[in-house]
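Dear colleague,

Please read them with the coordinates open beside you.

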Amino acid sequence: GCRFQEDDDETPGYGPVRTEPQLILSRDVRSFLGLDELMRPMHYSRPRLRSVDQFLVHDPDTGLAWQTKGPEYTLDWLQAFAYVAHLNRQRWHGCADWRLPTTDELMSILRPPGIDRDFCLDPAFSRDIHWLWSSDWCSGKQAWMVDIIECFAGRLDKDGSASVCAVSSSVAVSK
C-alpha cells in the first residue's frame, strides 16, 4: 500500500493552496507544481483528512471539504464543470461554492505510492476513482488530471473521461 515517511502526527500538511484555476503549460508544470521526472510530487505532505460523513472528508490544513466520490460515472472536462454547477444549484451539503480542485489541491491530498501501486488517497475516498479532473488546463484541448493509482499529474484531452471530487471551503465542519 501507500507508505508514509515516519512523521509524528503534528507534522503540518500543505496549508493554504492555490484555489484559482489557471493555464499551466506542459513545459512549466514540473517546476510550477514541484514534480519529479515521473510527474509525481517531489515532496508529500501527510494529509490529516477527517471524515465528515460517508460523502465528505475535511482537510483541516487547507480548510477544504472534499467529496469522497462524485457521480457514479466518469465525465469529460466540460461535463465535470456542469456537474459542479449542479451541486451548487442544489446547495449540496448546504453549500453553493463547490468547484473542481486545482492541481495543487489534488496534490495536497496524495499519499506516496507504495510498492504495490496501491490507491494513493485516504481510505475515505471511493476506490472506483482512477483519474481525477483538476480545474487547471494546459491548452485549448487538454486539461490537467491526477492519476490516483500511480500518483502523478498528467494531461488528458478535455473530451476524455475522468472522475470528479468537488471541493468546498464553506462546508460546516464540527471540531
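**Salt bridges**

Arg27 forms a salt bridge with Asp28, their closest N and O atoms lying 3.8 Å apart, where a salt bridge is taken as a side-chain nitrogen of Lys or Arg within 4 Å of a carboxyl oxygen of Asp or Glu. Please keep in mind that this is a predicted model, in which local features need pLDDT of at least 70 and side-chain atom pairs count only at pLDDT 80 or more, whereas totals for chains, interfaces and linings use all residues. Residues are numbered from 1 along each chain as its sequence is written, and side-chain values use heavy atoms, with hydrogens and water left out.

For accessibility, buried means under 20% relative accessible area, exposed over 50%, and partly exposed in between, with a 1.4 Å probe and protein chains only. Arg27 counts as exposed because its relative accessibility is 71%, while Asp28, with a relative accessible area of 33%, is partly exposed.

By the salt-bridge rule the count comes to 7. Another of them is formed by Asp61 with Arg48, with the closest N and O atoms 2.7 Å apart. This pair links distant parts of the chain, 13 residues apart, since Asp61 sits in the loop between strand S2 (56-59) and S3 and Arg48 in the loop between helix H1 (29-33) and S1; helices (H or I, at least four residues) and strands (E, at least two) are DSSP runs, numbered from the N terminus. Asp61 counts as buried at 15% relative accessibility, and Arg48 counts as partly exposed at 25%.

The side chains of Arg99 and Glu105 also meet in a salt bridge, at 2.6 Å from N to O, and Glu105 is buried, with a relative accessible area of 0%.

Four strands make an open sheet, a sheet of 4 strands in the order S1-S2-S3-S7 with antiparallel pairing, where two strands pair if DSSP finds at least two bridges between them. Its edge strands are S1 (50-53) and S7 (167-168), each of which pairs on one side only. Strand S3 (residues 64-67) and S7 run antiparallel and are joined by 2 bridges, and the bridge partner of Ala65 in S7 is Ser168.

Leu56 lies in strand S2 and is buried, with a relative accessible area of 0%. Leaving aside residues up to four places away in sequence, Leu56 touches several residues, including Arg50, Trp66, Trp92, Trp98 and Val171, contact meaning heavy atoms within 4.5 Å. The C-alpha atoms of Leu56 and Ala124 are separated by 8.2 Å, although the two residues are 68 residues apart along the chain.

**Aromatic pairs and cysteines**

The structure holds 3 aromatic pairs, counted when rings of Phe, Tyr and Trp (its six-membered ring) have centres within 6.5 Å, with planes under 30 degrees apart called stacked, over 60 edge-to-face and the rest tilted. One of them is the edge-to-face pair of Trp77 and Phe81, at 4.8 Å centre to centre and 90° between the planes. Because Trp77 and Phe81 are 4 residues apart in helix H2 (residues 77-90), they are separated by about one helical turn. Trp77 counts as buried at 7% relative accessibility, whereas Phe81 is partly exposed at 32%.

Finally, the count of disulfides comes to 0, a disulfide being a pair of cysteine sulfur atoms within 2.5 Å. Cys138 counts as buried at 7% relative accessibility, and Cys165 counts as buried at 2%.
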